[in-house]
Every structure is written in C-alpha cells, then in structure tokens.
Amino acid sequence: IMDKDSLILPKDFPELNNDTFLRAARGEEIEHVPVWCMRQAGRYLPEFRESRAGKDFFETCRSPEACCELTLQPLRRFPFDAAIIFSDILVVPQAMGMEVQMSPGKGPTFPEPLKEPEDLQRLKTKVDVSSELDYVFKAITLTRHKIEGKVPLIGFTGAPWTLMSYMIEGGGSATHSKAKRWLYRYPEASHKLLSQLTDVIVEYLLGQVKAGAQALQVFESHTGCLGPVEFKEFSLPYLRDIARRVKDKIKESGLDNVPMIVFAKDGHYGLEDLSESGYEVVGLDWTIDPHSARVRTGGKVSLQGNMDPCALYATKERISEIVKRMLEGFGTKGYIANLGHGLYPDMDPENVGAFVEAVHTHSRQLLNRK
C-alpha cells in the first residue's frame, strides 16, 4: 500500500489496463470503440451534487482531493474508456491575476472584465504556472494513482480565443459582441492578449503531462461566434501554436508524447484547417455529419464526438439506434465516441449508461463483422 505522500508524486503510477481510448486517438486497432462524455463528472450525478453541496465552486477546483473524487465518481457507475480531470477552463485567467466568481444560476462572472486595451496592464506579465496552477497538477497526480490504471486520464485547457472572450465579456454571452469588438477595433491588443494566453496555456498543458495526464483536450468553445476570416486570424494560429509548442516541450522534457484533441465547437467551416493543425484528434459537435467529417478530414486525424447531448432525453432503444447510426457514419477506426457537447444537469444517469453500453455493443458487432 502506498503512503499518502507518494500519492502526490508523479511516478510509479499503476499500470494502465484499458488503453482503448489512446489507441483510437492514434488510429490504431481496437476491440471496441472507446467512449467518454464531456462533463461526465457533473451535476447529472446525485453523488456529484452531494459532494459539491454548499461549497464554493473554485474552492472545490483548488482541492486536489475533491477534484480526484469528482473525477472518479462517473467511473464507479459507468464503464467509460477515459476520465477527464475535474477542473475549469477559467483557472487560466485566474492565474493571470483576474478575479472570477461562480454565481449560482448565472455561471462564471468576472467582477472586473477587460474593457479597453490599457486594461491588459492589469494582467501578470510573467505567470509562474507551476505555483499558480499547482493545485491542478496535484489533482492530476493524485487521480492517476487513485484511478489505479482503470482508464487513461485526460487533462484540458480552454483555448486562447474562448478565454479572451470570457475575460472581456465578464461571463457567458450570446453574441460575444464585446470580445468581438476588440478583434475589429483593437486587433493588435487582441493578438497581444491571445499570445499571452497561449504562453500560459503551453506551460499549463506541459505541467499537466508532467503531473500524469495521458491525453490533452483544448476547448475552443466559442468558435461559433467567429466567421471563417476571424477564425483564421484570431483562433487557428494559436491552436496550431499550442499543439506544436506543447509537443516540442514534451520531447525536450524526455516525456512520452500524448495525444492531443482540439474541440472547436460550431467550427464546421474550419474542419479542414483543424485536421491539419497538429492535433491527433478533432472533436466534433452535433452539427456535423459523421460521413462528411471523415471525407473532409481525409483520414489525417482521428475524430471524436458527436451525438447531440439532447438525444439522451430519448428512450434507451432510441439512444441505441442513434448510436448505431453514428458509428456506421464514422466507422470504427480512429474514432472516439462522445457527445457533441457536455452533459446537461437534468439528464438521467441511466440514459448515460445506455449510451456507453450502446457504443460498446454496436462497435463490437461492427468490428466482428469485418
């Protein structure tokens, strides 16, 4: 039995028993299609709501033990093929010196958002990621030990444009018009902020790998409010940069390469570009047809997604049919089943179980027929 102190050291991790997710990410042979869900550690689980009751959201994020417990909860219920560390994308703006609060019923709020370019002076010019985001690294290491090699652990970050839009909007937004105003009005300041974010993100992702993350996902959740021209100027170059620089640093550090996933929600116009941006996997939302995604990405990457989360409100039989059709559309090679966005709080855990089971059952049948 390991003593408590060794659980926080990123070494002597238990051997991985199920590497299906990692093999699919690299386009290798698999026995079944792997499946996990965005927001699988979340409010749809009664045990999650119980653990989180009465606690401040970001306080929970800063507790490695709490994050570990919340990450492991869904694995006790469902045979997912991967876990994703419980955290939040807004820990990066916090590390850069911005205050973020989680308001019940309203979501994340920045009491003092960035309004004009001179506000960039409020941000830390040099962020010591290893001390500022140490709590995330500790959570990853602890979880890697406690997960006991059951499945791989995914680390993640928000992408620069998505984080920038939160920092300027001061929270969620339907139009992102305040953040987009910067793109059109202050392109130079926008690039400055995006570069600053990229530098922090690169160090953050590297730290996650050093701590024990076995794959990384970059969430560009606000792609949908950009047009193709703005995407190519203010999002894509930074997404490419992140993949390249993280891979270079992993190599320099003598670590094993980990698969990287880019998820640009509603960015269907950028699919070809995303498939050539240096990531092993491109995550897809439900607005993209599986077969056309395969054609457009030309076999360059594995694909992840893309069932409409609302399909989980259907009956179990219907969920099974939808999954079967999705698997037939994507094919079983280089494919990771997931939802096209995160689970919603009012979803029935039973139906999540039906989704996971349908992926495993139908994909085994399809693979056996070959």
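**Labels and their cut-offs**

Modeller: Gly-207 has its place in helix α10; helices (H or I, at least four residues) and strands (E, at least two) are DSSP runs numbered from the N terminus. This is a predicted model, where local features need pLDDT of at least 70, side-chain atom pairs count only at pLDDT 80 or more, and totals for chains, interfaces and linings use all residues. Residues are numbered from 1 along each chain as its sequence is written, and side-chain values use heavy atoms, with hydrogens and water left out.

Colleague: Why does Gly-207 count as buried?

Modeller: Buried means under 20% relative accessible area, exposed means over 50%, and partly exposed is in between (1.4 Å probe, protein chains only). Gly-207 has 13% relative accessibility, so it counts as buried. Its C-alpha atom is separated by 8.0 Å from that of Val-129, 78 residues apart along the chain.

Colleague: What makes Arg-39 partly exposed?

Modeller: Its relative accessibility is 48%, and therefore Arg-39 counts as partly exposed. Arg-39 sits in the loop between α1 (20-25) and α2 (46-52). Its phi is positive, about 60°, although Arg-39 is not a glycine.

Colleague: And His-176, is it buried or exposed?

Modeller: Buried, because its relative accessibility is 7%. His-176 lies in the loop between α8 (160-169) and α9 (177-185), and its phi is also a positive value in a residue other than glycine, near 55°.

Colleague: Which residues have the most contacts inside the largest nonpolar core?

Modeller: Met-307 and Phe-355, in a core of 133 residues. Helix α10 (residues 187-211) gives the most to this core, with 12 residues. The term covers a set of buried Ala, Val, Leu, Ile, Met, Phe, Trp, Tyr and Cys residues joined through side-chain atoms within 4.5 Å. In soluble globular proteins, nonpolar side chains tend to be buried together.

Colleague: What does Phe-355 touch?

Modeller: Contact means heavy atoms within 4.5 Å. Leaving out residues up to four places away in sequence, the partners of Phe-355 include Val-35, Cys-37, Met-307, Leu-312 and Asn-338.

Colleague: What makes Phe-57 and Phe-58 an edge-to-face pair?

Modeller: Rings of Phe, Tyr and Trp (its six-membered ring) pair if their centres lie within 6.5 Å; planes under 30 degrees apart count as stacked, over 60 as edge-to-face and the rest as tilted. By this rule there are 10 aromatic pairs. Phe-57 and Phe-58 are 5.1 Å apart centre to centre with 85° between the planes, which is edge-to-face. Phe-330 and Tyr-335, at 4.4 Å and 15°, form a stacked pair. Both Phe-330 and Tyr-335 are buried.

Colleague: Which residues form one aromatic cluster?

Modeller: Phe-48, Phe-57, Phe-58 and Phe-86. Phe-58 is buried because its relative accessible area is 2%.

Colleague: How do you know that β4 and β5 pair?

Modeller: Two strands pair if DSSP finds at least two bridges between them. β4 and strand β5 (residues 215-220) have five bridges, in the parallel sense, and Thr-157 has Val-218 in β5 as its bridge partner. Strand β1 (residues 83-84) and β4 pair in the parallel sense over two bridges, with Ile-84 opposite Ile-154 in β4.

Colleague: Why is β4 called largely enclosed?

Modeller: Six of the six residues of strand β4 (residues 153-158) are buried, so the rest of the structure largely encloses it. Leu-153, Gly-155 and Thr-157 point one way, while Ile-154, Phe-156 and Gly-158 point the other way. In a regular strand the side chains alternate between the two faces of the sheet.

Colleague: What makes β1 and β9 edge strands?

Modeller: The open sheet of seven strands runs β1-β4-β5-β6-β7-β8-β9, with parallel pairing. β1 and β9 (335-339) each pair on one side only. Still, five of the five residues of β9 are buried, so it too is largely enclosed by the rest of the structure. Strand β8 (residues 302-307) pairs with β9 over five bridges, and Asn-306 stands opposite Asn-338 in β9. The peptide bond from Gly-305 to Asn-306 is cis, with omega near -10°.
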